[in-house]
Every structure is written in C-alpha cells, then in structure tokens.
Amino acid sequence: MTDVLTCEGAPRDLGLDQGRWVRSTLSASYCAHSTLERLRWRLGRHSETSWYVARDLRRYFPQQSEAIEGMSRGAGVPGAWLVDKITRESRLVAAKGSLAFAAASELTDGQAILSRTYPEGSIVRRCRPDGGFASVEVIRPWATAPLAGINEGGLAVATIPQPSRSNSGGCAAPVTLLAHDCLSRFESIDAAVDWCMARPGAGGATILLADTSGEIAGVHAEGSQRRVFRPADGLLVQTGGHEREDEIAKALWQASPLVAADLGRFLGTSLITLDPSGRRLGLLKASGADGRDRWLGVEG
C-alpha cells in the first residue's frame, strides 16, 4: 500500500505504463495456467463469454480496450488472457467482508467522504490521461477501471460488485468500467449519474459518488436496469453482505461526526477513503496493521 504507479498519455500509453509496473505479478498469474490454455490465449482465442466482452469493450469502452492492448504489451501477456481475467473477475460478487459507504457533509463536519474496503493485492495508480481529468485511484493490477478513486475536479467514485439476474441489454462489458469513465470525464455527481444511467454494461454493481458540493448519491446497476438512490439522513451504505452488517450500520449512524479512520479501526479492516474537498485519497490502516495511514493528492 505504499508504492504509487503513475500512468500518463493516450489510452495505450496508460496501459503500457501499468503493464510494465505489474509485469511480474501478471506474468506469474498467467504462467500458473496450463500450456494448452496459454497457447489458446497466445493465438488470441477468447472463451465464448469473453469474446463478447472484447467486442463490447471496443464498441462501448474503446479507450479502455486500447489501454488493455497497451497493458498486454507492457506486461508481456496476451490481451486475450487479460480480457478473460477481467470477465471472470467481473462475475464475482462482493466478498462478505466488502463495505462501501458515502457520508454527506452534515455527517462529516462540513465535507462529504466516500470509503471502501481495501482488497489485498490492489495497487495505487495516478492517472494523467490526455484530454481527461487526472486522478488517483486504487485498482486491481489487471484492470482498467478503479475500485475507488478521485479526480482533480473533486469527483469521488467507488464500486461494489453485486449479484445480478438482469439482462445486460446486449452489452457484455462489465458495468464497473463506468467508474473509469466518470473519473476521466466529470467533476460533479449529476453529470456522473446521468452517464451511469445512460451507458450500457453487464453484471451488477453499486456505484457510489461524492463531490465538492458535499452531496452524495449512488447508482445501482443490474445489467440494463439502473436505479439512482439518494442518502437517508446523509448516509449511503453498501455492505456486500458483510457478516457484521447490523453492527456496521449502527456504528455509522451513531458516529458524529463520522470519521472513516475510526470506523476502519473499529471494524479491523483497511479502508480506501476519498476526500473530494481535498482532492485526495487516503489509505487508512486497520488497527494493529503495520505502517501508518497515508494520504495521496491527485497531483502528488
């Protein structure tokens, strides 16, 4: 949780920078597969499901499709394997320990905050795209879309996968890819909500949003079906089926002002916390974890 990857330039350049950074991690994961599987990927052959994902990445998320091509080159692994991996990971629902919450300014002593649990093995990335907003994010090594991030305009985004039985409406690419679009394009909740409601994507996810106005909102996606939800008394919580769900909800409602670091230590879990007013991302360690809390601004 200390080293920070910096990616700059056009989408393929962003992917190339990331691929070089995570080359050893991706190479080890790729080489763990059988010789036959590796040959299939080297020949550019997808599984049936991921073929549709690759098609719709090019169609609906072209910049992220190009970033995957760059990542493939930088890491020395086949692009077909990366798409297969993204496809498999997108179909996993949130682990029972997953948690995300957004609190509006009235609960946090004057400014909104957005937090999400930190999955082990994730990396921190500063992204400076040509023609888009710079951001700082927490991301899985093989992914183009962040688990959580904040951009230079002060828009904060976090996602939690959710089960979905809904039809995707013809698009096979994961709906969680919308988090990347929001950070690169928008400064405000309203514009990001409109984008998430209108754009296609498969699978289920909850996308939480906060901005410098102190407001928060969420979009729940089940394939082509979308629903916007606003806070009840300034708070939105998505637990992903956390085993301490009732305890978490009670702690959140009773905290005044709500301090994310205190909640993380109470739960014994490390949190990614986003501060729109400060344009910064915090890595807040669980109680007893080695190291200290760390805050990173979008610009360094």
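1. Strands here (E, at least two residues) and helices (H or I, at least four residues) are DSSP runs, numbered from the N terminus. With that in hand, Arg-116 has its place in strand 3. Please keep in mind that this is a predicted model, where local features need pLDDT of at least 70 and side-chain atom pairs count only at pLDDT 80 or more, while totals for chains, interfaces and linings use all residues. Residues are numbered from 1 along each chain as its sequence is written, and side-chain values use heavy atoms, with hydrogens and water left out.

2. Strand 2 deserves a close look. This strand (residues 100-103) pairs with strand 3 (residues 113-117) over four antiparallel bridges, and strand 2 pairs with strand 11 over four bridges, also antiparallel. Ala-102 stands opposite Leu-114 in strand 3 and opposite Leu-236 in strand 11. In a regular strand the side chains alternate between the two faces of the sheet. Both faces of strand 2 are covered: Ala-100 and Ala-102 on one side, and Phe-101 and Ala-103 on the other, are all buried. Buried means under 20% relative accessible area, exposed over 50%, and partly exposed in between (1.4 Å probe, protein chains only).

3. Now back to Arg-116, the bridge partner of Ala-100. A polar atom of the Arg-116 side chain does lie 2.7 Å from the backbone oxygen of Thr-159. Leaving aside neighbours within four places in sequence, the residues in contact with Arg-116 (heavy atoms within 4.5 Å) include Leu-99, Leu-147, Ile-160, Pro-161 and Ile-272.

4. Two loop residues are worth a visit. Arg-279, in the loop between strand 12 (271-275) and strand 13 (280-284), has a positive phi near 45 degrees. Most residues other than glycine have a negative phi. Arg-279 is partly exposed, with a relative accessible area of 31%. Gly-234 sits in the loop between strand 10 and strand 11 and is buried, at 4%. Gly-234 and Ala-112 are 122 residues apart in sequence, yet 9.2 Å apart in space, C-alpha to C-alpha.

5. There is also an open sheet of eight strands, in the order 1-4-5-6-7-8-9-10, with mixed pairing. Its edge strands are strand 1 (4-9) and strand 10 (225-229), each pairing on one side only. The twist averages 20 degrees from one strand to the next. Helix 8 (residues 189-198) packs on this sheet, touching strand 8 (204-210), strand 9 (216-222) and strand 10.

Technical notes:
Pairing = 2+ DSSP bridges. Polar contact = N/O pair within 3.5 Å; in protein donor to acceptor, adjacent residues only side chain to side chain. Axes fitted to C-alpha atoms, helices over the stretch in contact; angles between N-to-C directions.
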